[in-house]
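Hi,

Here is the structure I promised to pass on.

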Protein chains: 2
Amino acid sequence: MDIATLRSRHHDHWMRAAAIRTLTLDAVAAANSGHSGMPMGMADVATVLFEKHMKFDAADPQWPDRDRFILSAGHGSMLLYSLLHLTGYADMTLEQIRNFRQWGAITAGHPEYGHAGGIETTTGPLGQGIATSVGFAIAEESLRARWGKKIIDHYTYVIAGDGCLMEGVSQEAIGLAGRLQLSKLIVMWDNNGITIDGKVSLSDVTDQKARFAASGWDVFECDGHDPDDIDRAITAAKASPRPALIDCVTNIALGSSAQDTSKGHGALTDAQLIADTRTVYGWDHHDFDIPADIRDQWAAIGRRGASDRAEWDIRLRTLSDAKQAEFARQFAGDMPKRLSAAIRALKKQVTETAPKVATRKASEMALEVINPIVSETIGGSADLTGSNNTKTADMGVFDIESRKGRYVYYGIREHGMAAAINGIALHGGLRAYGGTFMAFTDYARPAMRLAALMGVPSVFVMTHDSIGLGEDGPTHQPVEHLAISRATPNTWVFRPADAVEAAEAWELALTTKRTPSVMALSRQNLPTVRRTHSQKNLTAQGAYVLEEATRKRQVILMATGSEVEIALKARELLEAQGIGTRVVSVPCMEIFAQQDESYRKKVLPAGPVRIAIEAACRMPWDRWLLGERGSEKKAAFVGMTGFGASAPAERLYQEFGITAEAVVEKAKALL
Amino acid sequence: MDIATLRSRHHDHWMRAAAIRTLTLDAVAAANSGHSGMPMGMADVATVLFEKHMKFDAADPQWPDRDRFILSAGHGSMLLYSLLHLTGYADMTLEQIRNFRQWGAITAGHPEYGHAGGIETTTGPLGQGIATSVGFAIAEESLRARWGKKIIDHYTYVIAGDGCLMEGVSQEAIGLAGRLQLSKLIVMWDNNGITIDGKVSLSDVTDQKARFAASGWDVFECDGHDPDDIDRAITAAKASPRPALIDCVTNIALGSSAQDTSKGHGALTDAQLIADTRTVYGWDHHDFDIPADIRDQWAAIGRRGASDRAEWDIRLRTLSDAKQAEFARQFAGDMPKRLSAAIRALKKQVTETAPKVATRKASEMALEVINPIVSETIGGSADLTGSNNTKTADMGVFDIESRKGRYVYYGIREHGMAAAINGIALHGGLRAYGGTFMAFTDYARPAMRLAALMGVPSVFVMTHDSIGLGEDGPTHQPVEHLAISRATPNTWVFRPADAVEAAEAWELALTTKRTPSVMALSRQNLPTVRRTHSQKNLTAQGAYVLEEATRKRQVILMATGSEVEIALKARELLEAQGIGTRVVSVPCMEIFAQQDESYRKKVLPAGPVRIAIEAACRMPWDRWLLGERGSEKKAAFVGMTGFGASAPAERLYQEFGITAEAVVEKAKALL
């Protein structure tokens, strides 16, 4: 349908959509950067979605049962900001739109979670939105099963571009959603045929509808500018018993001279082009000026869900007080009060029995205590359940016929899993974790970074955390991955030394609301090194004195995880030779760095020789070896300098010189 | 077909395949670890492939025109090792097989490139093989167009498992290969329906054939145990004008009591199980014992290509001497002699004209010189051609009708691109690079790590390398990514400060044969800081004195890339206040670390205050600030401590305090 026909046949709709289009043009022009074409292309679809389908109340962006709208094509952020502004989200003022992409504004180049109500997740790195949306849809199914349709029953709508669908993670998302039959997930594909480099056909000939259908999706299509056709397609997609793709055939940068070109993808800032486009739209208003009648129409859309919201509130109040409190607790992300005591009891028991177990097993022991108490956990693994020890006895499997199940078989999809975990956490009401081998941090990285950037308490269970995994060899042996996660802002990297620290780490990972955690866990068995029970969570200090020198303290050994055992052995050897040696366990460097200086100084006083022991690269240790009152002349590192190798673990530790004897030798050389 | 029927109908084939199966059982049992089921399931397919189709000569594993065989399901490494041993690859002795997964053996848990002839690439992280194979197939098409069918004309065969196909990167590979119509790429899917966690159906319902067909592949299928049917399918796939998938329906751990179970995926080490399986196979021989007749049959297969190989040699010698020398040079990975002089000329010109350009543009200027001289380069970008500045004037586009084109539109597929770059480099005869935004290192990581592990000189052009990219915001602003690549062994991270260093970095990246390079390049314009021409490649020292103090040296400023300008400005301010200040440019920390201690000491003498300036996280700098004769009391870092933000670049530098003024302040506080 050409624009003239659209304008005349669907006048009100057209002008509502034009408000999005012109706000986009104005904001991008003001910022002199941004992406005009996508909002201009998808304005009709978004308008129909918000007008006729989205269940939301602009006055309460946190309403737990709202439909979720995820702009996977995050570069088209002005589409989202326009919608939020026009429908009346309080924080999305016109001033914010005017300050698009400026310092301090909530209108970042790409939508940033936490900046404003209605931004359900951070998007921009392509494919993340669609992959995260699978987590939202899992959360919705799970919560609906738990709380009933009267409390949770909503859709997750996604707008994805060609770029999102070319990213590999989209396949993982599609495969997972198709398998789990997440029928309330609806992806609207902005099929405009254009990428930055030119036409999509330059790099792809994929029949996307056939591809989605191949993974068990229902597929619909519509003219992405015809409101009736859009409405029909969304209605059909909602009724589908499977996740649904709507192929929305659109024109990028509709109505401008850059329409259907890669130029239209970017920032359209030319004044004449903008003026001409306004004329095509029949939009005769100043920059950022939305006439009152159109504002009113949009405002009505923004209030459309208010009565639904009120009725929902009444339904919620029909629940028992206890249930309401539980619902509120889970959506607030607070832990049940009895968790602490249970963790303490586990610690006490472990201290007494002193099992020799791998920390992946220790993690499972903690989860066996946690999961029955924290009913909102959803676990899973990327096809390594038996290796990651992520499935506890009572969880049940989350599946089509068992939505109350709490364990997701994510398949061989580390990236999709990590994004889904973020989505589950972002939805609210649930806590998610999932496992893979630590070397495959690489696969999950883009989603792990987003968790950190968004401040979402996802937990990534990364087992087989060093050469200690042995025979699988260097492809599977992380060397740089502790450094990678430690270099990432707002990420806690826990590397517990035994079952006590593992329990403490889990307590911290579940108690925080704003920081994702990486659990670095050993494949190999480790002794219990915490032999005295402490009520206090010592891991909450990041590092602490595990064993003190019995005589004048000449050496401090720092270690994490599987290497704490080596440090303790080295200490024995050194003490036997009359060299007083302290062992500091460092289960979480980031938390240690946040402690008071006085505490840090107490743990790492100036003077003694310092040796750090970790079967990984040295980079994160320099700060603690050479700095914080250390000195180059009295510091050494025992760890890895290159990639690992394939052999039994003990042999690898010997060959790479990560042994108590090597520690002793270095210590003596420095004394 | 049941085993009894197979054994009787195809006796010789059966026994040849049984040799693979029993070698696998024996090696896994000896190692007490490994993966038995996959080689047992795919032995028939592999046997037919090597017997009837693979063009290879076991006596010359480096023959440039050999068919490439890539075991994407790398955990089934014993399949590959068995094939190499049985066909007579010299280094793959029975002793090596006996030492499967042991220290010093070439038979690592997963196939490691460089360990033995016939291992074309390192696999194990799932999906990498299939994604890398796309690079092999691109290389073959490109070289065939350049050198003619008589010199290069071969297939790339891949065995991929369900795990490979679930990994997102496989979709990127499939999409790219389908678009480029890489007809000599043949993927044999080990469709055994089993993953580690259980049945594939536990996590996936994807119709793989429909999925491949949706991206322009031809699709075939066969009974993966019937040699006639396998032969028929491979023959058909070879004749296909498109890349081909063969759905090989197989039974994992065929013939054992663990057949068709997830138990069969792993290490079958039970003596009784092994004995029973041998009985089923009709294999009445000792461990590791292959009867002479079967050895002979396999040896004949290994020699099958010898005459092809000899004829190829004759054809090669029909080329002119110059062409033969060029062919040899390109396959040796040597650079043309005149490259150095051309780089020097560019440096001289740039020093004189002192352009103010972004280093991404500077990189392009270098490539404009390099690409006409080094005709074996293949460039590309993941849909950011105009931003990455990776396409030079004379390259032409690599496409179906233009195989001589040297630029690949990789699409929005950073991961698939990085793997393809590795594959092109591994094939030999070409050098590959490709671009994306540096923050999307995250997407490409698994392949970038493999490049480092394999020692392949891939070049990853990572532009928009800091908050300097401005308005796109924190999702697109790398903060930890320099640390990530620097923490990775055997990786050169270049962050040139201007067009001179960019040219030097490119020279180094192309000259090395064993190390991948990351080019960290600015979006924003930077002044030329190297104002005196030097014949010598100063970047080859990793770090060097860019500006010396004009009076007593009290401060040393270290910086890279866009922050060198800030260091120079700070130096001016400090010198103006009478504080002698040296500026050290550090274009490649890894190379600097490899210099003699005396040189390092000259560049970074003990004594002065040290400040490092880099718009990224501090972690990699502690070594040079606190260590190497530095001291905590006289060191500071000016850079990032968290994620970035969305705003114009200059504003961000101000707000995050990465300014000359901040440097001066810190320096004075430390003096």
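A:Lys348 and A:Glu352 form a salt bridge, with 3.1 Å between the closest N and O atoms. The term here covers a side-chain nitrogen of Lys or Arg within 4 Å of a carboxyl oxygen of Asp or Glu. The two residues sit 4 apart in helix H15 (residues 338–353) of chain A, so about one helical turn separates them. Helices (H or I, at least four residues) and strands (E, at least two) are DSSP runs, numbered from the N terminus. A:Lys348 is partly exposed at 39% relative accessibility, while A:Glu352 is exposed at 57%. For those words, buried is under 20% relative accessible area, exposed is over 50% and partly exposed is in between (1.4 Å probe, protein chains only).

Before going further, the ground rules. This is a predicted model, in which local features need pLDDT of at least 70 and side-chain atom pairs count only at pLDDT 80 or more, whereas totals for chains, interfaces and linings use all residues. Residues are numbered from 1 along each chain as its sequence is written, chains are lettered from A and ligands numbered from 1 in the order in which they are written, and side-chain values use heavy atoms, leaving out hydrogens and water.

Back to the charged pairs. Side chains of opposite charge can pair when their charged atoms come close. Over all chains the rule gives 92 salt bridges. One of them joins A:Arg329 to A:Glu326, at 2.7 Å from N to O. This pair is 3 residues apart in helix H14 (residues 321–332) of chain A, again about one helical turn. A:Arg329 is buried at 12% relative accessibility, and A:Glu326 is partly exposed at 28%.

In chain B, B:Glu548 and B:Arg553 make a salt bridge with their closest N and O atoms 3.5 Å apart. B:Glu548 has a relative accessible area of 33%, which makes it partly exposed, and B:Arg553 is partly exposed too, at 31%. There is also a network of salt bridges in chain A, linking A:Glu140, A:Glu141, A:Arg144, A:Asp153, A:Lys184 and A:Arg403.

Now the interface. The area buried between chain A and chain B is about 7,900 Å², and carbon and sulfur atoms give 59% of that. (Buried area is the accessible area, 1.4 Å probe, that two parts lose on being put together, summed over both.) A:Trp103, A:Arg449 and A:Met619 supply 10% of what chain A buries against chain B, more than any other three residues. Each side brings 98 residues to the contact, where contact means heavy atoms within 4.5 Å.

The rule finds 10 salt bridges across this interface. A:Arg445 has one with B:Glu480, the closest N and O atoms being 2.8 Å apart. Helix H19 (residues 441–454) of chain A provides the largest share of the chain A side that touches chain B, at 8 residues.

What does B:Glu167 touch, setting aside its neighbours within four places in sequence? Its contacts are A:Glu172, A:Ile412, A:Glu414, A:Tyr443, B:Leu126 and B:Gly127. B:Glu167 lies in the loop between helix H7 (162–166) and helix H8 (168–180) of chain B, and is buried at 2% relative accessibility.

On to some strands. S6(A) pairs in the parallel sense with strand S7 (residues 244–249) of chain A over 6 bridges; pairing requires at least two DSSP bridges between the strands. A:Cys222 stands opposite A:Cys248 in S7(A).

A:His464 is not a glycine, yet its phi is positive, near 60 degrees. A:His464 is in the loop between strand S12 (459–463) and helix H20 (481–487) of chain A and is buried, at 5% relative accessibility. A:Arg629 also has a positive phi, about 75 degrees, without being a glycine. Its place is the loop between helix H25 (622–625) and strand S20 (635–639) of chain A, and A:Arg629 is partly exposed at 21%.

Cheers
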